[in-house]
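Please read these notes with the model open. They cover the sheet, the helices on it and the nonpolar cores.

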Amino acid sequence: MELISITKHNIYDVLRLKLKDDQIGFVSSNAFSIAESSVNPDYQTRAAMVDGKIVGFAMYTEWVNASWMKEQKPGEYYIPRVMVDKSYQGNGYGRKLMESLLNEIEKNRPKAIHIVYCPDNTVAKALYLSLGFEEYGKNSDGETLARLTL
Ligand SMILES: CC(C)(COP(=O)(O)OP(=O)(O)OC[C@H]1O[C@@H](n2cnc3c(N)ncnc32)[C@H](O)[C@@H]1OP(=O)(O)O)[C@@H](O)C(=O)NCCC(=O)NCCS
C-alpha cells in the first residue's frame with residue numbers, strides 16, 4: 001500500500017469510495033474532508049493505493065490553527081478521518097493504512113497522535129487500541145478521543 005496525495009487525476013476515485021450502510025455517520029464524506037482541507041492548509045489528505053487502485057482515504061493535521069481547536073497543541077497530531085471502501089474492507093487494508101499513516105506522521109517527531117471515533121464503532125476502536133492508542137475522553141459531539149503517546 002502507498003499513501004498518495006489527492007490530485008486532479010485521482011480525486012474522482014477518492015470521491016467514489018463508499019461506506020457500508022451501517023457505517024454511515026462513523027466518518028464524514030470524503031468530499032467534506034477534501035473541502036475542509038482546501039481551507040485548512042495544515043490538513044493533509046491521503047489516498048490509499050493498492051495495485052494501482054484507490055481503496056481508502058485518510059486525513060490528519062497538526063493540532064494547530066483550525067477554527068474548532070480551543071487550544072493549540074503544536075507537536076501533537078490529530079487523525080479525524082480514516083476509511084476503506086466497503087468492497088475492500090476486511091482484507092487488512094485498514095490496518096495497513098493506519099500503520100502507513102502513523103509512519104508518515106512520525107517523521108514529524110510528534111509528541112502524541114490523537115484519533116477520534118464513535119463509541120459504538122467497535123471495529124475502529126479495536127484497531128486503534130491494538131496500535132497502542134489509549135482512550136482519554138470525549139469531544140463535544142460525544143465521540144471518543146484516543147491518544148498514542150510517543
Ligand atoms: C475501520 C476501517 C477503516 C477498517 O478497515 P478494514 O480494511 O476493514 O480493516 P482491516 O481489514 O485491516 O481489519 C482491521 C481489524 O478489524 C477487524 N475487522 C474488520 N472488519 C470487521 C468486522 N466487520 N467485524 C469485526 N471485525 C472486523 C479485522 O479482523 C482486523 O482485526 P485484526 O487486524 O486484529 O485481525 C473500516 O471498517 C471502515 O472504513 N469503517 C468505516 C469508517 C470508519 O469507521 N472509520 C473509522 C473512524 S474515523
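**Notes on the fold**

1. F57 has M83, in β4, as its bridge partner. Strands β3 (residues 53-63) and β4 (residues 73-84) run antiparallel, paired over seven bridges. Strands are DSSP E runs of at least two residues, helices H or I runs of at least four, both numbered from the N terminus. Pairing takes at least two DSSP bridges.

2. This is a predicted model: local features need pLDDT of at least 70, side-chain atom pairs count only at pLDDT 80 or more, and totals for chains, interfaces and linings use all residues. Numbering starts from 1 along each chain as its sequence is written, and side-chain values use heavy atoms, without hydrogens and water.

3. The sheet is open and mixed, with seven strands ordered β1-β2-β3-β4-β5-β7-β6.

4. Contact means heavy atoms within 4.5 Å.

5. The largest nonpolar core has 25 residues. Such a core is a set of buried Ala, Val, Leu, Ile, Met, Phe, Trp, Tyr and Cys residues joined through side-chain atoms within 4.5 Å; buried means under 20% relative accessible area (1.4 Å probe, protein chains only). Helix α3 gives the most to this core, with five residues.

6. L102 is among the residues with the most contacts inside that core. Beyond neighbours within four places in sequence, L102 contacts I79, I113, L131, F133 and L148. A separate core has 18 residues, among them L17, Y78, M83 and V116.

Methods. Buried means under 20% relative accessible area, exposed over 50%, partly exposed in between (1.4 Å probe, protein chains only).
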